[in-house]
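The sequence and structure come first.

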Amino acid sequence: MALWGAPLDNENHAIDGVRTALYMFDKLEEFNVKMKKRGLNQINIGIGLNTGEVVVGNLGSNQRFDYTVIGDPVNLASRLEGLTKYYGVRIIVSSKTKDQLDNQFVVKYLDKVAVKGKKTGVEIYEVKDFIENKGKYENELVEFNNAIGLYLNQDWVEAKKQFDILKNKYSDSKLVDIYLERLNEYIKRPPEDFDGTFRADFK
């Protein structure tokens with residue numbers, strides 16, 4: 001776990017956090033190249049980032065304490081990290097973090113999620129790259145946003161058609177598979193009181 005904004009104030013805490021996450025994957029790629037050359041196993045990671053007010057300081061007992069942070073925003077960041085495997089992405093940020101990124105990164109809408117223990121959904125996004133590389137992702141962002149827009153508007157049949165097209169183009173996308181599974185169910189049994197929230201009752 002890492003944190004920004006304490007013990008010293010940092011107005012760019014969200015940007016610095018996401019920048020660090022992207023740099024971590026650059027270094028991870030270099031590390032895995034070395035591991036492959038040595039005939040050793042490569043590793044993969046997921047990163048979740050959230051922004052909020054937390055309790056920070058030396059916390060613990062007389063026997064053991066650490067400088068750390070606790071609170072609901074910390075718990076959500078941990079849940080987002082766990083969801084990277086479910087969605088098949090490297091970096092997930094909450095809407096609160098995304099709103100502070102000052103258009104410096106390429107972000108892609110993923111879902112609205114109510115994590116375990118919470119009733120209210122939070123919009124989550126994948127961070128793909130630095131904004132200067134946006135050209136590589138423009139078609140993907142437009143295509144996915146159009147398909148997800150139809151899904152959020154409850155146009156299940158048309159949304160299914162668009163995700164079927166995306167499945168042919170992005171065959172290894174877990175996100176496409178997730179939405180196709182939902183849409184197959186929703187076409188048969190449309191949900192009541194739909195607000196786009198997926199309940200992630202797992203860690």
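Is Glu143 buried, partly exposed or exposed? Glu143 is partly exposed, because its relative accessible area is 23%. The classes are buried (under 20% relative accessible area), exposed (over 50%) and partly exposed in between, with a 1.4 Å probe and protein chains only.

## Basis

The model is predicted: local features need pLDDT of at least 70, side-chain atom pairs count only at pLDDT 80 or more, and totals for chains, interfaces and linings use all residues. Residues are numbered from 1 along each chain as its sequence is written, and side-chain values use heavy atoms, with hydrogens and water left out.

## Salt bridges

Side chains of opposite charge can pair when their charged atoms come close. A salt bridge here is a side-chain nitrogen of Lys or Arg within 4 Å of a carboxyl oxygen of Asp or Glu. The count comes to 14 salt bridges.

Glu143 takes part in one of them, with Lys169; the closest N and O atoms are 2.7 Å apart. This pair links distant parts of the chain: Lys169 sits in helix α5 (residues 156-169) and Glu143 in helix α4 (residues 138-152), 26 residues apart. Lys169 counts as partly exposed, at 48% relative accessibility. Helices (H or I, at least four residues) and strands (E, at least two) are DSSP runs, numbered from the N terminus.

Glu158 is partly exposed at 28%, and Lys161 is partly exposed at 45%. Elsewhere, salt bridges with shared partners join Lys108, Glu126, Lys128 and Glu140 into one network.

Asp66 pairs with Arg64, with the closest N and O atoms 3.9 Å apart. Asp66 is partly exposed at 40% relative accessibility. Arg64 is exposed, at 62%.

## Largest pocket

A pocket is defined on a 1 Å grid over the protein atoms alone: an open set of points where a 1.4 Å probe fits, with protein on both sides within 12 Å along at least five of seven lines; lining residues have an atom within 4 Å of a point. Grid points are joined across faces, edges and corners, and a volume is the space filled by probe spheres set on the points.

The largest pocket has a volume of about 760 Å³. Its lining has 29 residues, and Ala2, Leu3, Trp4, Asn50 and Ala77 lie nearest its centre. Elements giving two or more residues are α1 (13-37), β1 (47-49) and α2 (72-87). The largest share, 6 residues, comes from α1. The lining divides into 16 nonpolar, 12 polar and 1 charged. Nonpolar covers Ala, Val, Leu, Ile, Met, Phe, Trp, Tyr, Cys and Pro; charged covers Asp, Glu, Lys and Arg; the others, Gly among them, are polar.

## Second largest pocket

This pocket has a volume of about 320 Å³. It is lined by 20 residues, with Asn50, Asp72, Leu76, Lys118 and Val122 closest to its centre. At least two lining residues each come from α2, α3 (95-98) and β5 (105-115). The most come from α2, with 5 residues. The lining divides into 6 nonpolar, 8 polar and 6 charged.

## Helix α2

Helix α2 has 16 residues and reaches 22 Å from first C-alpha to last, close to the 22 Å expected at 1.5 Å a residue. The expected span is 1.5 Å times one less than the number of residues. Its buried residues include Leu76 and Ala77. Gly88 follows α2, with a positive phi near 70°.
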